[in-house]
Amino acid sequence: MCMKNKIIVFGSNFVTTLGLVRALGQKGLRVILLLEPCDLRRCYIKYSRYIEKIHYLSDVTEGIEVLRHDYWNEREKPILLC
């Protein structure tokens with residue numbers, strides 16, 4: 001599957017976020033993860049093989065800044081899933 005849009009998942013270290021990342025990855029799509037604050041020693045989602053890049057957020061509002069700073073001016077607008 002060829003897709004130009006980047007896929008960004010904004011989530012936390014829960015099974016639902018992991019399931020979403022896995023479902024997208026199994027379809028051949030690479031995911032950029034905006035990870036809400038969590039204990040990194042117990043953060044199992046960071047080991048997913050389907051994640052292209054992880055942004056570790058210090059708080060939820062930082063996620064908006066990451067989106068505006070890094071992905072605002074993309075030629076193909078990214079797809080944001082929460």
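Biologist: How do I read strand S1: is S1 largely enclosed by the rest of the structure, or out in the open?

Modeller: Check how many of its residues are buried, meaning under 20% relative accessible area. In this predicted model, five of the five residues of S1 are buried, so S1 is largely enclosed by the rest of the structure.

Biologist: Which residues sit on each side of S1?

Modeller: Ile 7, Val 9 and Gly 11 lie on one side, with Ile 8 and Phe 10 on the other. Both faces are covered.

Biologist: And which strand does S1 pair with?

Modeller: Look for bridges. S1 and S2 run parallel as a pair, with five bridges. Phe 10, for instance, has Leu 34 of S2 as its bridge partner.

Biologist: What makes up the largest nonpolar core?

Modeller: Think of buried nonpolar residues joined through their side chains. Here that core has 13 residues, and Val 9, Leu 33 and Ile 45 are among those with the most contacts inside it. S1, helix H1, S2 and strand S3 each supply at least two residues, and S2 gives the largest share, three. There's also a second, separate core of eight residues, including Ile 8 and Phe 10.

Biologist: Leaving aside neighbours within four places in sequence, what does Ile 45 touch?

Modeller: Ser 12, Asn 13, Thr 17, Leu 18, Leu 33, Leu 35 and Ile 51.

Biologist: Where is Tyr 44, and how exposed is it?

Modeller: Tyr 44 is in the loop between S2 and S3. Its relative accessibility is 36%, so Tyr 44 counts as partly exposed. With Val 15 and Tyr 47, Tyr 44 forms a nonpolar surface patch of about 380 Å² accessible area together.

Technical notes: Residues numbered from 1 in each chain as written. Predicted model: local features only at pLDDT ≥ 70, side-chain atom pairs only at ≥ 80, totals over all residues. Heavy atoms only, no water. Core = buried A, V, L, I, M, F, W, Y, C linked by side-chain atoms within 4.5 Å. Buried < 20%, exposed > 50% of the residue type's maximum accessible area, 1.4 Å probe, protein only. Helix = DSSP H or I, 4+ residues; strand = E, 2+ residues; numbered from the N terminus. Contact = heavy atoms within 4.5 Å. Patch = residues over 30% accessible without salt bridge, like charges linked within 9 Å, V, L, I, M, F, W, Y side chains within 5 Å. Areas by Shrake-Rupley, 256 points an atom, 1.4 Å probe, with all protein chains shown as cover. Salt bridge = Lys/Arg side-chain N within 4 Å of Asp/Glu carboxyl O. Pairing = 2+ DSSP bridges.
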